[in-house]
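Try each task before you read its solution.

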Amino acid sequence: MSTRTDSDTEPAITEAEDRADPVEDARRARWLAVGTGVLLTLAGLAASLFKLTGAASARVPADYGLGAAVCALAAALGAKGRTRRALGLMIAGTMVMALGDQSH
């Protein structure tokens, strides 16, 4: 096993410590996708309810609700390990919410 030192004061780093664990990276990506999807879903639902009580047209809360549903689907896909698709759906859901808000 080879070791390398970056300087005289830092401890030696083995090759095994230098490499990232792909299983841990995948687990972290799944949790991040789920957490972000849930957060965006809750934000979209809250905005939908807020806009529903206001003077905005009916399309605005519907757009927020649709965007929240897309983000909820993204969270479900992220939990199954489909993190790239989940990221795309989160972007699409956020865009639906933003465009719906701009349309009023």
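**Exercise 1. A residue in helix 4**

Task: Find Met90, decide whether Met90 is buried or exposed, and list the residues that Met90 touches beyond its sequence neighbours.

Solution. 
- Step 1. Met90 sits in helix 4. Keep in mind that this is a predicted model.
- Step 2. The relative accessible area of Met90 is 7%. The cut-off for buried is under 20%. Met90 is therefore buried.
- Step 3. Leave out residues up to four places away in sequence; Met90 then touches Ala33, Thr36, Gly37, Leu40, Cys71 and Ala74.
- Step 4. Take Ala33 from that list. Met90 and Ala33 are 57 residues apart along the chain, yet their C-alpha atoms are separated by 8.8 Å.

**Exercise 2. The whole chain**

Task: State how many helices and strands the chain has, and in which pattern they follow the sequence.

Solution. 
- Step 1. Count the elements: four helices and two strands.
- Step 2. Read along the sequence: the pattern is β-β-α-α-α-α.
- Step 3. Turn to burial. The chain has 104 residues, and 23% of them are buried.
- Step 4. Look at contacts between residues at least 6 apart in sequence. Of these, 57% join residues at least 24 apart.

**Exercise 3. Helix 2 against helix 4**

Task: Describe how helix 2 and helix 4 pack.

Solution. 
- Step 1. Two packed helices are described by the angle between their axes and the distance between the axes.
- Step 2. Helix 2 covers residues 22-53 and helix 4 covers residues 83-102. Their packing angle is about 15°, and the axes are 10 Å apart.
- Step 3. Angles under 35 degrees count as roughly parallel. So helix 2 is roughly parallel to helix 4.
- Step 4. The crossing of helix 2 and helix 4 is left-handed.
- Step 5. Name the contact residues. Helix 2 gives Ala29, Arg30, Ala33, Thr36, Gly37, Leu40, Gly44 and Lys51. Helix 4 gives Thr83, Ala86, Met90, Thr94, Met97 and Asp101.
- Step 6. Sort the contact of helix 2 with helix 4 by class: six nonpolar, five polar and three charged residues.

**Exercise 4. Helix 2 against helix 3**

Task: Repeat the description for helix 2 and helix 3.

Solution. 
- Step 1. The axes of helix 2 and helix 3 come within 8 Å and cross at roughly 165°.
- Step 2. An angle over 145 degrees counts as roughly antiparallel. Helix 2 is therefore roughly antiparallel to helix 3.
- Step 3. Helix 2 passes helix 3 in a left-handed crossing.
- Step 4. By class, the contact of helix 2 with helix 3 has 15 nonpolar, six polar and two charged residues.

**Exercise 5. Salt bridges**

Task: Say how many salt bridges the structure has, then examine the pairs Glu24 with Arg28, Arg59 with Asp63, and Lys51 with Asp101.

Solution. 
- Step 1. Side chains of opposite charge can pair when their charged atoms come close.
- Step 2. A search of the whole structure gives five salt bridges.
- Step 3. In the bridge between Glu24 and Arg28, the closest N and O atoms are 3.8 Å apart. Both residues are in helix 2, four residues apart, so about one helical turn separates them. Glu24 is partly exposed, at 30% relative accessibility. A network of salt bridges links Glu24, Asp25, Arg27 and Arg28.
- Step 4. Arg59 and Asp63 pair at 3.5 Å, N to O. They are four residues apart in helix 3 (residues 59-79), so about one helical turn lies between them. Arg59 is exposed at 54%, whereas Asp63 is buried at 13%.
- Step 5. Lys51 and Asp101 meet at 3.3 Å, N to O. This pair links distant parts of the chain: Lys51 is in helix 2, Asp101 is in helix 4, and they are 50 residues apart. Asp101 is partly exposed, with a relative accessible area of 22%.

Definitions and conventions:
Residues are numbered from 1 along each chain as its sequence is written. This is a predicted model: local features need pLDDT of at least 70, side-chain atom pairs count only at pLDDT 80 or more; totals for chains, interfaces and linings use all residues. Side-chain values use heavy atoms; hydrogens and water are left out. Axes are lines fitted to C-alpha atoms, for helices over the stretch in contact, and angles run from 0 to 180 degrees between N-to-C directions. Angles under 35 degrees count as roughly parallel, over 145 as roughly antiparallel, 65 to 115 as roughly perpendicular and the rest as oblique. A crossing is left-handed if the near helix is turned anticlockwise from the far one by less than a right angle, and right-handed if clockwise. Contact means heavy atoms within 4.5 Å. Ala, Val, Leu, Ile, Met, Phe, Trp, Tyr, Cys and Pro count as nonpolar, Asp, Glu, Lys and Arg as charged, and the others, Gly among them, as polar. A salt bridge is a side-chain nitrogen of Lys or Arg within 4 Å of a carboxyl oxygen of Asp or Glu. Buried means under 20% relative accessible area, exposed over 50%, partly exposed in between (1.4 Å probe, protein chains only).
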